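Here is a short briefing on one structure. Look over the sequence and the coordinates before reading on.

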Amino acid sequence: MVGLEPLSGQYGEISMNYEKPGEALAGRGITLNILRDQQYSLNRQMLLAIRLSDAKTQERIQAQLAEVQAEIDRITLRL
């Protein structure tokens, strides 16, 4: 699963502490709520990256958002 990495750019580094779901729930599975929380956090990071005009970080976050969305789709289609 995707972990969140710090944003860095001309204004310094911004870190968001967020555990990887696999680490937090070793052996218990990932819930939809955890994925939604991670998606929310990534969206907030994306807004900040847009404000800072950090294209490289935007691309990285977009890839992470796609992975989280794919996992959400996998879980919801299984229900």
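The points below cover confidence, the nonpolar core, the salt bridge and selected residues.

This is a predicted model: local features need pLDDT of at least 70, side-chain atom pairs count only at pLDDT 80 or more, and totals for chains, interfaces and linings use all residues. Residues are numbered from 1 along each chain as its sequence is written, and side-chain values use heavy atoms, with hydrogens and water left out.

**Confidence**

- The protein chain has an average pLDDT of 78, where pLDDT is the predictor's confidence in each residue, from 0 to 100.
- A score of at least 70 is reached by 62% of the residues.
- Among the elements of the chain, helix α2 (residues 32-51) has the highest mean pLDDT, at 95.
- Helix α1 (residues 21-24) has the lowest, at 48.
- Helices (H or I, at least four residues) and strands (E, at least two) are DSSP runs, numbered from the N terminus.

**Nonpolar core**

- The largest nonpolar core has nine residues: L35, L42, M46, A49, I61, L65, V68, I72 and I75.
- The elements that give two or more residues to this core are α2 and α3.
- Helix α3 supplies the largest share, five residues.
- A nonpolar core is a set of buried Ala, Val, Leu, Ile, Met, Phe, Trp, Tyr and Cys residues joined through side-chain atoms within 4.5 Å.
- Buried means under 20% relative accessible area, exposed over 50%, and partly exposed in between (1.4 Å probe, protein chains only).

**Salt bridge**

- The structure holds one salt bridge, defined as a side-chain nitrogen of Lys or Arg within 4 Å of a carboxyl oxygen of Asp or Glu.
- R74 and E71 form this contact through their side chains, at 2.4 Å from N to O.
- Side chains of opposite charge can pair when their charged atoms come close.
- R74 and E71 are three residues apart in helix α3 (residues 55-78), so about one helical turn separates them.
- R74 is partly exposed, at 43% relative accessibility.
- E71 is buried, with a relative accessible area of 16%.

- Q64 sits in helix α3.
- Its relative accessible area is 6%, so Q64 counts as buried.
- Q64 and Q39 are 25 residues apart along the chain, and their C-alpha atoms are separated by 8.7 Å.

**Loop residue S53**

- S53 lies in the loop between α2 and α3.
- S53 has a positive phi of about 55 degrees, although it is not a glycine.
- Most residues other than glycine have a negative phi.
- S53 is exposed, with a relative accessible area of 62%.
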